[in-house]
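Please keep the sequence and the coordinates open while reading.

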Amino acid sequence: VNGETIETDKNGYLVNIENWNEEVAKLIAAEEGIDEMTQRHWDVINYLRDEYISNAGNQPNMRSITKAMKSAWDDKKVDTKAIYELFPLGPSKQAGKVGGLPESRRKGGY
């Protein structure tokens, strides 16, 4: 990215979250099949990054992500389907990957 090599693990997650920036995120998103990053994509990513960085490595589950996005978007109709439309391979893991966070070891679901 911009002439700099950024190290990832065998699953494509950044080794050092300090190497993350929006250009890196766009590159990872493209590799994940996400062609366009909308404001809603960034909202989910920024929420996950803030939770991880500010709360001792907390990686929210799907229920927490959905609740946070309902509030952030002031949209009572936001559900898990809406979040999966943004990150179809699993919002918690895929958004975390695009956000430069370590791979979540949680099983998924709620």
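In helix α2, residues V44, I45 and L48 meet P91, S92, A95, G96 and V98 of helix α5, where contact means heavy atoms within 4.5 Å and helices (H or I, at least four residues) and strands (E, at least two) are DSSP runs, numbered from the N terminus. By class, this contact of α2 with α5 has six nonpolar, two polar and no charged residues; Ala, Val, Leu, Ile, Met, Phe, Trp, Tyr, Cys and Pro count as nonpolar, Asp, Glu, Lys and Arg as charged, and the others, Gly among them, as polar. The model is a predicted one, in which local features need pLDDT of at least 70 and side-chain atom pairs count only at pLDDT 80 or more, while totals for chains, interfaces and linings use all residues. Residues are numbered from 1 along each chain as its sequence is written, and side-chain values use heavy atoms, with hydrogens and water left out.

Two packed helices are described by the angle between their axes and the distance between the axes. For α2 and α5 the angle is about 85° and the axes are 9 Å apart, the axes being lines fitted to C-alpha atoms, for helices over the stretch in contact, with angles running from 0 to 180 degrees between N-to-C directions. That makes α2 roughly perpendicular to α5, on a scale where angles under 35 degrees count as roughly parallel, over 145 as roughly antiparallel, 65 to 115 as roughly perpendicular and the rest as oblique.

Helix α5 itself spans residues 91-98, and seven of its eight residues are buried, so it is largely enclosed by the rest of the structure; buried means under 20% relative accessible area, exposed over 50%, and partly exposed in between (1.4 Å probe, protein chains only). These buried residues are P91, S92, Q94, A95, G96, K97 and V98, and they pack against α1 (22-31), α2, α3 and α4 (80-86). After α5 comes G100, whose phi is positive, near 80°.

Helix α2 (residues 39-54) also packs with helix α3 (residues 62-73), at an angle of about 125° and with the axes 10 Å apart. That makes α2 oblique to α3. The contact is made by R40, D43, V44, Y47 and L48 of α2 together with S64, I65, A68, M69 and W73 of α3, and by class it has seven nonpolar, one polar and two charged residues.

The loops on either side of α3 each hold a residue of note. Between α2 and α3 lies A56, a residue other than glycine with a positive phi, near 55°, and A56 is exposed, with a relative accessible area of 82%. In the loop between α3 and α4 is D74, likewise not a glycine, whose phi is positive and near 50°; D74 is exposed, with a relative accessible area of 67%.

For the chain as a whole, the secondary structure comes to five helices and zero strands. Of its 110 residues, 41% count as buried, and among contacts between residues at least 6 apart in sequence, 56% join residues at least 24 apart. The C-alpha atoms fill a box of roughly 45 × 30 × 20 Å, taken along the principal axes.
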